[in-house]
Amino acid sequence: MDGNKKLYTITIFSENTVGVLNQITTIFTRRQLNIETLSVSPSAIRGIHKFTITTFSEDDEVMKKLVRLIDKRVDILKAYFNTDEDLVHQELALYKLSTDKVMEHGSIEYLVRKYNIRILEVNKDCVVFLKAGHYEETQNLFEELADSIGVLQFVRSGRIAITKSKVERLSDMLAKWEQQRNGIAQPESAVQNQ
C-alpha cells in the first residue's frame with residue numbers, strides 16, 4: 001500500500017435487486033480503485049440493503065466523484081463515504097488450529113486474555129477461535145498464532161461499520177422524500193375536495 005493513501009469506507013444503500021453488486025464493482029474498476037473489503041447485509045430500514053466497502057485513495061475528491069457515480073445508478077438509493085474517525089467499525093476473524101499443537105503450546109488462557117478471543121469449537125482435530133476487532137488486531141493475532149502454533153485455516157470478514165451519527169443517514173433522506181411526497185399530495189387532495 002502506498003503511504004500517501006488513506007482508507008475510506010463507502011456505504012451504499014439499495015433495494016435487494018439482482019446485479020447491483022456488479023454495477024458497483026464496475027464503477028470501482030473503471031476508477032482503478034481496488035476493493036479491500038466488502039460486506040452486504042440488510043440495513044436498519046426494512047427492504048433496504050447496506051453495502052460496506054473499503055478502499056484506499058489519495059484524497060476526498062476521488063471519493064466524492066466515486067460516490068456521485070454510484071449515486072447515478074438507478075438501483076442505488078444513496079451512497080456515502082467516511083473515514084475511520086466517522087465510524088464505529090469491526091471485522092471478524094476465524095482461526096482454525098490443530099488441537100495437538102494448541103495443547104503443546106499450553107497457554108490458551110494467555111491468548112484468550114491478551115486478544116479477547118472466543119473459543120467456538122474444540123474437538124480432537126481442531127480448535128477454532130473467533131476474534132472481533134480492527135484489522136490490526138485480527139492480523140496481529142494471526143501472526144502470533146502462525147509463528148507460535150501454526151494456523152490451519154484463517155478467514156476474515158469484510159468491515160462492518162455504522163456511523164457515529166444519531167440515525168442512519170438514509171433515514172433522514174427518506175424522511176425528506178416522504179415529506180416532499182406528502183407536501184405534493186396535499187394540494188391535489190385539497191383541490192379535489194373543493
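**Reading the sheet and its helices**

Modeller: The chain exposes about 12200 Å², and carbon and sulfur atoms supply 50% of that area. This is a predicted model.

Colleague: How many residues does the chain have, and what share of them count as buried?

Modeller: There are 194 residues, and 36% of them count as buried. The cut-off for buried is under 20% relative accessible area.

Colleague: What makes up the secondary structure of the chain?

Modeller: Six helices and nine strands.

Colleague: What share of the contacts with a separation of 6 or more joins residues 24 or more positions apart?

Modeller: The share is 75%.

Colleague: In which order do the four strands of the open sheet stand, and is the pairing parallel or antiparallel?

Modeller: The order is S2-S3-S1-S4. The pairing is antiparallel. From one strand to the next, the twist averages 15°.

Colleague: Why is one side of strand S2 and of strand S4 left without a neighbour in the sheet?

Modeller: S2 (35–42) and S4 (76–82) stand at the edges. Each has a single partner strand, so one side of each has no neighbour in the sheet.

Colleague: How do you know that S1 and S3 pair?

Modeller: At least two bridges are needed for two strands to pair. S1 and S3 have ten bridges, so they qualify as a pair. They run antiparallel. One example is Thr11, whose bridge partner in S3 is Thr52.

Colleague: What makes S1 and S4 a pair?

Modeller: Six bridges join S1 (residues 6–15) to S4, and the cut-off is at least two, so these strands pair too. They also run antiparallel. Ile12 stands opposite Ala79 in S4.

Colleague: What joins S2 and S3?

Modeller: Seven bridges, in the antiparallel sense. Leu38 has Ile53 of S3 as its bridge partner. Pro42 stands opposite His49 in S3. S2 and S3 form a hairpin, with five residues between them. Gly47 sits in the turn and has a positive phi of about 85°.

Colleague: What makes S3 count as mostly covered?

Modeller: Nine of its ten residues are buried.

Colleague: Why is Thr55 called buried?

Modeller: Its relative accessible area is 0%. The cut-off is under 20%, so Thr55 is buried. This residue belongs to strand S3. Among its contacts, beyond neighbours within four places in sequence, are Lys6, Leu7, Tyr8, Phe28 and Met63.

Colleague: How do you know that the side chain of Thr55 makes a polar contact with Asn34?

Modeller: The side chain of Thr55 reaches the backbone oxygen of Asn34 at 2.7 Å. The limit is within 3.5 Å, so this pair falls inside the limit.

Colleague: Is Tyr8 buried or exposed?

Modeller: Tyr8 has 2% relative accessibility, which is under 20%, so Tyr8 counts as buried. Its place is in strand S1.

Colleague: What does the side chain of Tyr8 make a polar contact with?

Modeller: With the side chain of Asp60, at 2.6 Å. That is within 3.5 Å, so the distance passes the test. Beyond neighbours within four places in sequence, Tyr8 is in contact with residues including Ile53, Thr55, Met63 and Phe81.

Colleague: How far apart are Tyr8 and Glu36, in sequence and in space?

Modeller: They are 28 residues apart in sequence. In space they are 9.8 Å apart, C-alpha to C-alpha.

Colleague: Which strands does helix H1 lie across?

Modeller: Helix H1 (residues 20–30) lies across S1, S2, S3 (48–57) and S4. It runs at about 15° to S3. Helix H2 (residues 60–71) lies across S1, S3 and S4, at about 170° to S4.

Colleague: Which residues of H1 are buried?

Modeller: Val20, Gln23, Ile24, Ile27 and Phe28. Down the axis of H1 these buried residues fall within an arc of 135°, so they line one face of the helix. They pack against S1, S2, S3, H2 and S4.

Colleague: What lies on the other side of H1?

Modeller: Asn22, Thr29 and Arg30 are exposed there. Just after H1, Gln32 takes a positive phi of about 55°.

How values were computed: Residues numbered from 1 in each chain as written. Predicted model: local features only at pLDDT ≥ 70, side-chain atom pairs only at ≥ 80, totals over all residues. Heavy atoms only, no water. Buried < 20%, exposed > 50% of the residue type's maximum accessible area, 1.4 Å probe, protein only. Contact = heavy atoms within 4.5 Å. Areas by Shrake-Rupley, 256 points an atom, 1.4 Å probe, with all protein chains shown as cover. Axes fitted to C-alpha atoms, helices over the stretch in contact; angles between N-to-C directions. Arc of directions from axis to C-beta. Polar contact = N/O pair within 3.5 Å; in protein donor to acceptor, adjacent residues only side chain to side chain.
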